[in-house]
Each structure stands twice: as structure tokens, then as C-alpha cells.
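Dear colleague,

I am handing over the structure we spoke about, and it is shown just below.

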Protein chains: 2
Amino acid sequence: MIKVKSSTYVFDNIVYLGGTGTSVGPLEKEGPLGETFDRSYKDNYCGEKNWEKAEQRLLDDAITISIVKSGLLNEDIDLILSGDLINQNVISNYVMRDYEVPFLGMYGACSTSMQTLLTAALLINSKQFNNIVVAASSHNSTAERQYRYPTEYGNQKPETTTFTVTGSGAAVVSNKKSEIKITSVTIGKVIDSKQNNPNDMGSAMAPAASDTIIKHLKDLNIEPSYYDMIVTGDLSEIGSNILLDIMQKENYNINDIHDDCGKLIYSEDQKVFSGGSGCACCAVVTYGFIKNLLLKGKVKKVLVVATGALLNPVMILQKETIPCIAHAVAFEKCDD
Amino acid sequence: MIKVKSSTYVFDNIVYLGGTGTSVGPLEKEGPLGETFDRSYKDNYCGEKNWEKAEQRLLDDAITISIVKSGLLNEDIDLILSGDLINQNVISNYVMRDYEVPFLGMYGACSTSMQTLLTAALLINSKQFNNIVVAASSHNSTAERQYRYPTEYGNQKPETTTFTVTGSGAAVVSNKKSEIKITSVTIGKVIDSKQNNPNDMGSAMAPAASDTIIKHLKDLNIEPSYYDMIVTGDLSEIGSNILLDIMQKENYNINDIHDDCGKLIYSEDQKVFSGGSGCACCAVVTYGFIKNLLLKGKVKKVLVVATGALLNPVMILQKETIPCIAHAVAFEKCDD
């Protein structure tokens, strides 16, 4: 049975999270979630000759690990959905050369992880597909030089800035029963709260996160306490506090169950300003740490809400504000 | 009934092409298909103060026209899938601020039109959605300055170059019966034939087009003559000839039924080098000219194969080759 309510789609024991793969850079490995990642590199080049190739390697790692851990071969995969931050999705496009698998590129900035996952869930639920790989990647150095300044400048940054995660996370979404099921998804709308500071994307994204979370709760007629954990993608410190304030004003208290991937991935003594961001942030935390919490039974129901700031540098120079979006996916540990 | 064969998905009288919308610049209006477009502008600024805003207006036009011509309101639309060539999909992202509709950004370069259309068809076929808008846009001036040189340079170009179409095409994909149905789709794989000349994308994309067309024919066990017309996206002159050669070598003769949107959209006396390209090329030709041919009964079955070159300028500087992709959608005029 399929229920459609506004922007939320509910799946009835038909969409499962298969194997996942995560591969990260050295800073992420040193962080508090270091033990939850499948693979890591000692420097940001990851054994490659430039940063773009390094990010390609991270993405390739994550996809391969997710397929291997699912006990599948590439030919068992019906479709790959993948995206990244680098102009025209080239990291995904170039990695796909090595996979003989149908491919659709997606872009939702840092919401790409849950955007690809929710699309795969809808397609698996349609019974037209058996196994779909979803993936997202980012790299601190490829993102810095594209969005900000030549990395060598070493520009000073305000404390509101977030730090792009170096890594990639991938997952197989399948109709084959596993220990974790995907129970519903909420597709976000673009929300522009008229903020224009690209060095404070957490504040810009918080209203998109609250919009999607509230829509999800209303569509399903549930309270926040339905979930053991509501995790946002990468609002980081400042954006997280704004989200909690907005939710409070709308009479939803999520203070005790909210966390943010951008806050979880680095420790306070790591020099990352307001916290982590980038497509990989929500991807590696969800497919590593949160998956582990579910498998160990420490949480049973989790809502992951990936947020994205949909700008580019030209738009900022043209004095435009920053449109944002948030997509939500609900995970649940299956009963034994 | 749903049949899945490799990369091809078949729909049984359940997915229809609703209203379509096209909006173009002056050169496209002056071309041989000028009469088939819904709206056009007298200059490339389209009444806006910069080219990015002009492209946003074209996209907004196309989406609005497609919804209006479907007899729908924005609140009847379950989802919008849209993409463009400008870094990080900003044209689509910024236009979406004005639509209160769930949104997923997609990127397939010039294959984006059929990529969004096939994804919508799969989702409509899943019976989870009623009406999905798909859209793609490009603008000669936004693309030129991003991919090549500052437009003011007026650089000389080789004859193999294609000319980015200024325009946008959109369509409503629906479960409501209309005069045209979508009967099957084939999702492409990334094919890199090791070409590295960004001024000859037609040659680079031809092998991706042949791969998808042959897969489509084999998956469905049909001959090319099943279709009255097989139209590629924007291989233009040089790429089209390469495609016909490859097909011939593989024992498929499509010479008499093949045409190319990049060749159709401009006349020989318009100074466009090898022909048209850009996300809008396949979109405006399909949603204008080809739709009209179907409606008038001049053709009954058409396969549209949109092609995309998945590069960016940094990759070319890093001496990488150009990965390409092609996605196919089959249209059929419904019996009266």
C-alpha cells in the first residue's frame, strides 16, 4: 500500500537499506566518528595527483564498498544516483565511466545524500527496480578553490563558516529485506529566507530544515517524539540553534532528540569554525554512525534531514540571496 | 504491467505527456522551428538585467505555460524535476523559489530534458504521483562565459563547435490520458570514448547515443523501423554523421528516420557552426516541433535520445577526456 500525503511518501515494508560504504580524509578519521568509517586516507590527496581525482577515489571507494557489503556485483545494480558539489557534477560523472550501470546525476548541494536516497526509495517502492546505489561526495580542497579563493591564499574566515567534509558515503537501496528499513520520505521545497552571507549557510538553511521537518510531522500526523533522533545534515552550531528556535515557536520541541551531522563529525578542538558541511557530511555520518546506532538498537527510529544551500559564487556577486532546501528520510530498525 | 529489461522500462497506457511549454530567444524564433514555440523574446536579455536572470525567465515561462496548458494549478503539481548547465544548477534552483512545489534538481548536461522526463515517467508509472513537471534550460550567453571565454572576447571558433540554444522547454508528465503517451524509456550509462576536444562535443557524444539506441532496440527486441523517427538531442552535423556510421557498422540502418534537434533548430544560413546544443535544444524541439508532429499524426512513434557531454573546464585543463551519456524516451500518438 502506498500513501501519498502532500510531500510525504510512506513505504510499507518494501524499501530497505542494504550495504553502505564510507571513505574519508584524515581530519574526519581523527574526529569523534573516526571508527565508524570504512576507509580513510592519511592526506587529502588520497594517493592521487590532484584533489579532483582524490574526490573521485573517495566516491569510487564508497560505491564499491556499498556494493561489496551488500553481497552484490555491479551487474546486480539497476541504477546509480549520485551527486557532488563540483561544477556540473563532474566527480560523479567521471567515476561513472568505470561502472557499466545506468546513471542519473542529481544535484541538491549538501542535501544530495538524502535527495538521492529518497529518489531511490520511491523507485524501489515502485517495484520497477531491485537494487539502486545512491552516493554523494565532497572534498574540502576542491570545494574551497571553487567556491571561495585559491586555497593557497589562506584567507581568514568568520566563525560562522562551515568546513567542507572530505569524504563520500554510498548505500544500496533494495527491495531485499535487511535490518534497517526506510519507512517514509519527505521531498523538500526551495525556501529563500533572504539571507545573502555565503559564510553563514547554517542560518540560511535552518528555515528549509524546519519547513521539511514540520511538513513531515504534519503529513504523518505524528509528534517529534515518534523519533528517537532527528538529525539535520549540516546546519552546524549556529544553524542548529536557529532551527531549535524556529521549531519552538511553531510549538515543536525537538531539543532533546535533535543532533546535526555537521556538529557530530568533528570535535570541538578540531579547527572547523562552526562545524562540518558538504555533500559528504550527512552521507558519511548517516551511512556510518547513524546506521551503527540503528543496528546496535541504540535508536529504533531516526529521521535524517539533509539540508542544502543552492547558491553559486556568481549569484552572490549579483547580490542574490541564498535559496535552500531540505529532504527527509525516515529509517527504522526492523523487528527481529 | 511493468516490464524491466536491462536499462529499459516499458509503460502500459499509464504515462502521458500533458501540456508542454517552450520559451526561446530571438535566434531560435527566427529559425525554421520558430512557429512551434510558445513564447519568444526580441533580445537575449529577455527583459531582465543580466543573462542569468534572462535564463531564469525562460525557465519560469516554460514551466508556467506547461502547467497552464495542462489546465492545472501549481498546487496540482506533485513534484518538479529540473536542470540546467549553469554551475550547481542555479537557474533551476532560483526559479524554484517562486514555486511552492517539492523539487529535485537533476544534471545530465544536454541530456537533462530526457533525464528529467524519464525519471518522471518512472515515478508516474509507480502510481505514487499524479502530475510531475519536468524542465530544462540553457542560454547562449550564460553558457559561453562559463564554459569558454568572457563573451566580449569574441574568440574565433572551429567549425566543429556547437551553439548553445537560448530557451527552455517544460512538460507535465501525468497519469491523466492525453493524446500522446510515453511508452518506454532507456536510462543511459556513462561512455567515455577518450575524446578531449571541448569544441567538438558532437563527436564525443555520438558513441553514447548509439549505445543507448542499440540497447533500447535490443531490450525491446524491435527494429529501428518500429519508429517513424529517431531524434537525437544535439549531436549536430558532425556527431550525427558519426552516429549513422556507428549504427551502420552495428547493422542498424537509421539513415532515413534519423534527425537531430541541433540540426533542426537552426537553418543553414544562421551562423551556428555545426548546429545547436545546450539543455534547451532537445527540450524545445521535443516539446514544440516533435509534439506537433505527433499531434498532427505526421508521425505515430518517435524515440527521442538526448545526449550530454559531462565535462567541466577544469577537467579539460587537467587533460581529462569527455564522458558522455544519452537517455531515450519513446512517445506514441494515442489511438483516437
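A residue is called buried here when its relative accessible area is under 20%, exposed when it is over 50%, and partly exposed in between, with a 1.4 Å probe and protein chains only. This is a predicted model, in which local features need pLDDT of at least 70 and side-chain atom pairs count only at pLDDT 80 or more, while totals for chains, interfaces and linings use all residues. Residues are numbered from 1 along each chain as its sequence is written, chains are lettered from A and ligands numbered from 1 in the order in which they are written, and side-chain values use heavy atoms, with hydrogens and water left out.

Ser236(A) belongs to helix α7 (residues 236-249) of chain A, where helices (H or I, at least four residues) and strands (E, at least two) are DSSP runs numbered from the N terminus. Leaving aside neighbours within four places in sequence, Ser236(A) is in contact, meaning heavy atoms within 4.5 Å, with Thr162(A), Asp260(A), Gly262(A), Lys263(A), Ser274(A), Gly275(A) and Gly276(A). A polar atom of the Ser236(A) side chain lies 3.1 Å from the backbone oxygen of Gly276(A).

Turning to the interface, 60 residues of chain B are in contact with 60 residues of chain A. The two chains bury about 4,800 Å² between them, 56% of it on carbon and sulfur atoms; buried area is the accessible area (1.4 Å probe) that two parts lose on being put together, summed over both. In chain B, the residues that lose the most area to chain A are Gln88(B), Arg97(B) and Gln128(B), which together account for 15% of what that side buries.

Arg97(B) also forms a salt bridge with Asp192(A), the closest N and O atoms being 2.6 Å apart, and six salt bridges are found across the interface of chain B and chain A. The rule asks for a side-chain nitrogen of Lys or Arg within 4 Å of a carboxyl oxygen of Asp or Glu. Between chain B and chain A there are 34 residue pairs in polar contact, both residues being at pLDDT 80 or more; a polar contact is a pair of N or O atoms within 3.5 Å, and within protein one must be able to donate a hydrogen and the other to accept it, residues adjacent in sequence counting only if both atoms are side-chain atoms.

On the side of chain B that touches chain A, the elements that each supply at least two residues include α2 (51-69), β6 (103-107) and β16 (323-333), and α4(B) gives the largest share, six residues. By class, that side has 31 nonpolar, 19 polar and ten charged residues, where Ala, Val, Leu, Ile, Met, Phe, Trp, Tyr, Cys and Pro count as nonpolar, Asp, Glu, Lys and Arg as charged, and the others, Gly among them, as polar.

The chains are also joined through strands, since two strands pair if DSSP finds at least two bridges between them, and two bridges join strand β6 (residues 103-106) of chain A to β6(B), the two running antiparallel. Within that pair, Met106(A) has Met106(B) as its bridge partner.

Which residues of strand β10 (residues 180-186) of chain B are buried? Seven of the seven are, so the strand is largely enclosed by the rest of the structure. Three bridges join β10(B) to strand β2 (residues 8-10) of chain B, in antiparallel fashion, with Tyr9(B) opposite Val185(B). Six bridges join β10(B) to β16(B), again antiparallel, and there Ile182(B) is partnered by Phe331(B).

Finally, some loop residues. Ser7(A), in the loop between β1 (3-5) and β2 (8-10) of chain A, is buried, with a relative accessible area of 1%, and its contacts beyond four places in sequence include Val185(A), Asp219(A) and Pro102(B).

Most residues other than glycine have a negative phi. Lys194(A), however, has a positive phi of about 65° although it is not a glycine, and at 59% relative accessibility Lys194(A) counts as exposed. Cys46(B) likewise has a positive phi, of about 50°, but Cys46(B) is buried, with a relative accessible area of 1%.

With best regards
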